[in-house]
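Work through the exercises below with the model open. Try each task before you read its solution.

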Amino acid sequence: MTDPDPTTTGPLAPDDITADSPFTLPGFFGALSEGRLVAARCTECDEHMLPPRTACYSCGGRAVSLSEQPKTGEVVSYTSVNRPPSAFEHLAPVTVAVVELDSSARLTGRVDAALADVAIGDRVELRVRDPEAAGIDPAFDLSYEAEWPVHVFELA
Amino acid sequence: MSTAHLIAVGSSPLGETDLPGRDLFSKALAEAFAGLPDPADVVDGLYVGAQSERYENQIMQGTLMAEWAGLRNVPAERVEACAAAGALALKNAVRDVRAGVHDAVLACGVEKMTAGGTEGATNALGAAFERALEQRSGITAPATYALLARRYLHETDATEEDLARIAVKNHRNAADNPRAMFQQAVDLGTVMEAPDVAPPLKLYDCAPVTDGAAAVVVANNEVAEDLSECTDAVRVAGVGSAANNLAVAERDLTYVEGADVAATAAYEDAGIGASDVDVAEVHDAFTVCEALLAEAAGFAPEGRGTETVTDPADRSAGWTDVRINTSGGLKARGHPIGATGLLQAIEAHEQLTGRAGARQVADADTALLINEGGVADAHTAAHVLTTR
Ligand SMILES: [Zn+2]
């Protein structure tokens, strides 16, 4: 999964971009459902990108490799969605945060805690959940998303 | 390269209305072309900014608006970058006129946001956010801007009250703007005590859901000269635009880099600097955004953006004397998504032609417009307008 030798990477070929590669969303969520959070890492400038993609927004390079991410990090910013989209309505208020993982990759996610219990700098850990078990209306999913897990942060 | 001028402007009433999008467009068009020849005799192309087909279950807005304007067999296209759609329509019209592709182009924008209620608007706007990780975490427009606001308050000396004062200032400005949705002042206590939407943002930190349309005519020197008896030309001197990353998590939360790039490009195109700008309409979809944009546009030193509310004489060192959101901004003038960028242009046209009434800024000759789409600077389009 993780490229052991990033110096060998270059632009991906069309045949590399398949539904079982984390460079595509089905592959990324397939890995996530097995408990692995995989980012793209730019071998030129070390930018980390979630979900993975085939080019680096930071330097424009296409020499990207895959890099399994730590699930721990800290809260960069946070809020509470008091009127969320319909599919999340019965979860309201939904606490959400931007989290910087210990690798420096950043992603947004729900936080399984009340707003008052969260602060900038708090340590959190990413958990993987089944969307229906998480209480999200299955009607929210597009057909190809139905098997994709969702992520949520818990206070460490 | 031809010179592009904004020669005529019009808008519909702003707010919740019984009129669908095409009828709101008819109102805006009627104002813009009052006293002018028929649109078909003036313009030979059209761009329409429209955020979402969800509101009225209608795409093909370019074709529809051209038809409603009496234009036949002309290029007519919808452009989209969420709330930056209006400025994109303007940008494309200016590009075509400058390139000599057309002598005059109609740039318009329309949004019927109330059609599906608050829930419909929330869901339609949610499509502007990154799908795989952010939409699937239940975020909304207020929540994404709250993430910016929380971080801004953490990194700077600014307080929730400083953000609230931006809403107070914009409501005060809107009270003098006959086009505005909310033509009344609000006091600081009302803003501070309003219900939370996405903390630290409260109700009055957020622009309203608005129905509305706007239309402007962009013309070259010859058309502007031909119609000079019945119009007032303002030169579009600078254009800039830039995208930033879609996911809010993958952007600097307190520096809207894409807006900086777009504004800088517009200044360079116009051959001016930030200190030359007298009036600016910047995208205050949420109060924090006005502060961030004041800094990105080069008006304010880093961390001092909330001084948009302060009299120029009393601002921190490094601030320019620009007046920001004299129209009342998105907050109080209203924010019909696809039309907003053009409503900004209309305010600049009124200020630069001395038609801004009680909100007129004395001797204003140069304006900056910053229109954004997605979360903050996911897309930015900037224009410099001038009578110099
Ligand atoms: Zn890179």
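**Exercise 1. The largest pocket**

Task: Sort the lining of the largest pocket by residue class; how many residues are nonpolar, polar and charged? Then find which helix gives the most to this lining.

Solution: 
- Step 1. Keep in mind that this is a predicted model.
- Step 2. Count the classes. The lining has 23 nonpolar residues, twelve polar ones and four charged ones.
- Step 3. Check the total. The pocket is lined by 39 residues.
- Step 4. Look at the centre. Pro142(B), Cys206(B), Ala207(B), Pro208(B) and Val209(B) lie nearest to it.
- Step 5. Assign elements. Helix 5 (117-126), helix 6 and strand 5 (196-198) of chain B each supply at least two lining residues. Helix 5 of chain B gives the most, with six residues.
- Step 6. The largest pocket holds about 880 Å³ of space.

**Exercise 2. Two helices in contact**

Task: Describe how helix 6 and helix 11 of chain B pack; what is the angle, and how far apart are the axes?

Solution: 
- Step 1. Locate the pair. Helix 6 of chain B spans residues 141-155, and helix 11 of chain B spans residues 287-296.
- Step 2. Read the geometry. The angle is about 65°, and the axes are 9 Å apart. The crossing is left-handed.
- Step 3. List the contacts. Helix 6 of chain B brings Tyr145(B), Leu148(B), Ala149(B) and Tyr152(B). Helix 11 of chain B brings Val288(B), Cys289(B), Ala291(B), Leu292(B) and Glu295(B).
- Step 4. Classify them. Eight residues are nonpolar, none is polar and one is charged.

**Exercise 3. The largest cavity**

Task: Find the cavities; how many of 30 Å³ or more does the whole structure have? Which strand supplies the largest share of the lining of the largest cavity?

Solution: 
- Step 1. Search the whole structure. Three cavities of 30 Å³ or more turn up.
- Step 2. Take the largest cavity. Its space is about 60 Å³.
- Step 3. Inspect its lining. Among the residues there are Ala50(B), Glu53(B), Tyr55(B), Gln58(B) and Lys112(B).
- Step 4. Find the main contributor. Strand 4 (residues 104-112) of chain B supplies three residues, the largest share.
- Step 5. Sort by class. Three lining residues are nonpolar, three are polar and four are charged.

**Exercise 4. One glutamine**

Solution: 
- Step 1. Find the element. Gln344(B) sits in helix 13 (residues 340-352) of chain B.
- Step 2. Apply the cut-off. Gln344(B) counts as buried because its relative accessible area is 0%, and buried means under 20%.
- Step 3. Name its neighbours. Leaving out residues up to four places away in sequence, Gln344(B) touches residues including Glu281(B), His283(B), Arg333(B) and Asn371(B).

Note on methods
Residues are numbered from 1 along each chain as its sequence is written. Chains are lettered from A and ligands numbered from 1 in the order in which they are written. This is a predicted model: local features need pLDDT of at least 70, side-chain atom pairs count only at pLDDT 80 or more; totals for chains, interfaces and linings use all residues. Side-chain values use heavy atoms; hydrogens and water are left out. Axes are lines fitted to C-alpha atoms, for helices over the stretch in contact, and angles run from 0 to 180 degrees between N-to-C directions. Helices (H or I, at least four residues) and strands (E, at least two) are DSSP runs, numbered from the N terminus. A crossing is left-handed if the near helix is turned anticlockwise from the far one by less than a right angle, and right-handed if clockwise. Contact means heavy atoms within 4.5 Å. Ala, Val, Leu, Ile, Met, Phe, Trp, Tyr, Cys and Pro count as nonpolar, Asp, Glu, Lys and Arg as charged, and the others, Gly among them, as polar. On a 1 Å grid over the protein atoms alone, a cavity is a set of points where a 1.4 Å probe fits but cannot get out, and a pocket is an open set with protein on both sides within 12 Å along at least five of seven lines; lining residues have an atom within 4 Å of a point. Grid points are joined across faces, edges and corners, and a volume is the space filled by probe spheres set on the points. Buried means under 20% relative accessible area, exposed over 50%, partly exposed in between (1.4 Å probe, protein chains only).
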